[in-house]
Amino acid sequence: MNKSSKRGLLRKPLLWLKRILILIPCLWIAGIVIFAFLPVPFSAVMVERQVSAWLTGDFSYVAHSDWVSMDEIASPMALAVMAAEDQKFPEHWGFDVDAIQSVLDRDKEGGKMRGASTLSQQTAKNLFLWDGRSWIRKGLEAGLTVGIETVWTKRRILTVYLNIVEFGDGVFGVEQASQHFFHKPASKLTASQAALLAAVLPNPHLFKVNAPSAYVMRRQQWILRQMSQLGGESFLVEHKLN
């Protein structure tokens, strides 16, 4: 095979790769614009979980969420996830610089690595990217976070987050979680129930809402105290998040 033939064989795959590299960012941009107004039908993490289940032969698994507006979510739930995951959410532009610096310092000292992702970063990752940790994913996550912080309101970010976050195996979104674990709509969640749901968010596959460990129970109580210290529902009113 001569050189021109080899170049011809390589040209088509490279052309398709270029098209894909252009298409994906375009889809992300379109998604940011569209989901600023419309309900999110599914997230990238839901797709990842569904495909993984099929590949392992689990055809009974169904990854989906039941979309609800912020008006249909009890106020303690929004407060609980901020108390648990991102208390500076109303103030920052997508990144908690102090938390990031703390993680970097701990890593340099050889301490245990922990996450420093804001609710905005988690929303960007869950909606558009894949699970797991890598510098490539974190870089893409940062760019998408800037996008949603620029186009969406804080209330919208919180709404999307609560509708796509994973609370357990195959349990996505606060409405499905509330129905699954408490047999009631998300609008009826109590502060204690909201704090329990938020308590499993660091790892909903390890920590269970329906079988909480001593750690999860302690974390639930800590979240309840933080919710009170933030100011309760007045915190949501002040920052136009309710």
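In which helix does Glu-233 lie? In this predicted model, Glu-233 belongs to helix α11, which covers residues 233-238. Follow the fold from there and you meet Ser-75: the two C-alpha atoms are 6.7 Å apart, although 158 residues separate the pair along the chain. Setting aside neighbours within four places in sequence, Glu-233 contacts Ser-75, Leu-79 and Asn-242.

The largest nonpolar core has 64 residues, and Met-77, Leu-158, Leu-162 and Phe-167 are the ones that touch the most other members. Helix α3 (residues 75-85) supplies the largest share of this core, with eight residues. Look around Leu-158 and, beyond residues up to four places away in sequence, you will find contacts including Ala-78, Val-81, Met-82 and Leu-241.

Helix α3 also takes part in a charged pairing. Glu-85 makes a salt bridge with Arg-219, with the closest N and O atoms 3.3 Å apart. This links helix α3 to helix α10 (residues 214-230) across 134 residues of chain. Arg-219 is buried because its relative accessibility, 13%, is under 20%, whereas Glu-85, at 21%, counts as partly exposed.

The whole structure holds 10 salt bridges. In another of them, Lys-154 and Glu-149 meet at 2.8 Å, N to O; Lys-154 is buried at 17% relative accessible area, and Glu-149 is buried at 8%. Shared partners also join Arg-49, Lys-125, Asp-131 and Glu-166 into one salt-bridge network.

Finally, visit the surface. Phe-42, Val-47, Val-51, Trp-54, Leu-55 and Phe-59 make a nonpolar patch of about 680 Å². Phe-59 sits in the loop between α2 (44-55) and α3, and is exposed, with a relative accessible area of 65%.

How values were computed:
Residues are numbered from 1 along each chain as its sequence is written. This is a predicted model: local features need pLDDT of at least 70, side-chain atom pairs count only at pLDDT 80 or more; totals for chains, interfaces and linings use all residues. Side-chain values use heavy atoms; hydrogens and water are left out. A nonpolar core is a set of buried Ala, Val, Leu, Ile, Met, Phe, Trp, Tyr and Cys residues joined through side-chain atoms within 4.5 Å. Buried means under 20% relative accessible area, exposed over 50%, partly exposed in between (1.4 Å probe, protein chains only). Helices (H or I, at least four residues) and strands (E, at least two) are DSSP runs, numbered from the N terminus. Contact means heavy atoms within 4.5 Å. Patches are made of residues with over 30% relative accessible area and no salt bridge: like charges are joined within 9 Å, nonpolar side chains (Val, Leu, Ile, Met, Phe, Trp, Tyr) within 5 Å. Accessible areas come from the Shrake-Rupley method with a 1.4 Å probe; for residues, only the protein chains shown count as cover. A salt bridge is a side-chain nitrogen of Lys or Arg within 4 Å of a carboxyl oxygen of Asp or Glu.
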